Amino acid sequence: MPEQVPYKIYKQQSGGKDLYDILPGFNTPSGYQEVNDPGEIQTGITDYQNRVIGGAGGAEQKGLQERLNMFKSGQ
């Protein structure tokens with residue numbers, strides 16, 4: 001079984017506002033910055049839940065929630 005890549009929180013600037021996403025942590029995507037500050041990580045989780053997961057529906061929402069749960073469990 002291949003080694004699992006842990007998820008990390010990243011942010012990017014859009015319109016002067018920080019937007020957060022949870023992505024596989026093997027390579028920082030272009031235009032994104034990895035978030036390491038514990039307080040900002042909580043902000044990123046809240047933003048991800050409200051903006052990203054909250055804006056999705058059905059199977060997509062379920063998959064995004066699974067990604068968040070994997071991040072929280074350190075996977």
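**Sheet and helices of a predicted model**

Trainee: Which strand does strand 1 pair with, and how do the two run?

Mentor: Strand 1 (residues 7-14) is joined to strand 2 (residues 17-24) by eight bridges, and the two strands run antiparallel. Pairing here requires that DSSP finds at least two bridges between two strands, while the elements themselves are DSSP runs numbered from the N terminus, with at least four residues of H or I for a helix and at least two of E for a strand.

Trainee: What should I keep in mind about where this comes from?

Mentor: This is a predicted model, in which local features need pLDDT of at least 70 and side-chain atom pairs count only at pLDDT 80 or more, whereas totals for chains, interfaces and linings use all residues. Residues are numbered from 1 along each chain as its sequence is written, and side-chain values use heavy atoms, with hydrogens and water left out.

Trainee: How many bridges hold strand 1 to strand 3?

Mentor: Two bridges join strand 1 to strand 3 (residues 33-34), and these strands too run antiparallel. Lysine 11 has glutamine 33 as its bridge partner in strand 3, and tyrosine 10 stands opposite glutamate 34 of that strand.

Trainee: What does the side chain of lysine 11 make a polar contact with?

Mentor: The side chains of lysine 11 and glutamate 40 are joined by a polar contact of 2.7 Å. Such a contact is a pair of N or O atoms within 3.5 Å; within protein, one must be able to donate a hydrogen and the other to accept it, and residues adjacent in sequence count only if both atoms are side-chain atoms. Glutamate 40 itself belongs to helix 1, and beyond its neighbours within four places in sequence it is in contact, meaning heavy atoms within 4.5 Å, with Lys11, Asp18, Tyr20 and Val35.

Trainee: Which residues of helix 1 are buried?

Mentor: Buried in helix 1 are Glu40, Gly44, Ile45, Asp47, Tyr48, Val52 and Ile53, where buried means under 20% relative accessible area, exposed over 50%, and partly exposed in between, with a 1.4 Å probe and protein chains only. The buried residues of this helix pack against strand 1, strand 2 and helix 2.

Trainee: And helix 2, what length does it span?

Mentor: Helix 2 (residues 58-72) has 15 residues and should span 21 Å at 1.5 Å a residue, and its end C-alpha atoms are 21 Å apart, which agrees; the expected span is 1.5 Å times one less than the number of residues. Leu64, Leu68 and Phe71 are buried in helix 2. Seen down the axis of helix 2, its buried residues fall within an arc of 60°, so they line one face, the arc being that of the directions from the helix axis to the C-beta atoms. Gly58, Ala59 and Lys62 are exposed on the face of helix 2 turned away from its buried side.

Trainee: What do the buried residues of helix 2 pack against?

Mentor: They pack against strand 1, strand 2 and helix 1 (38-53).
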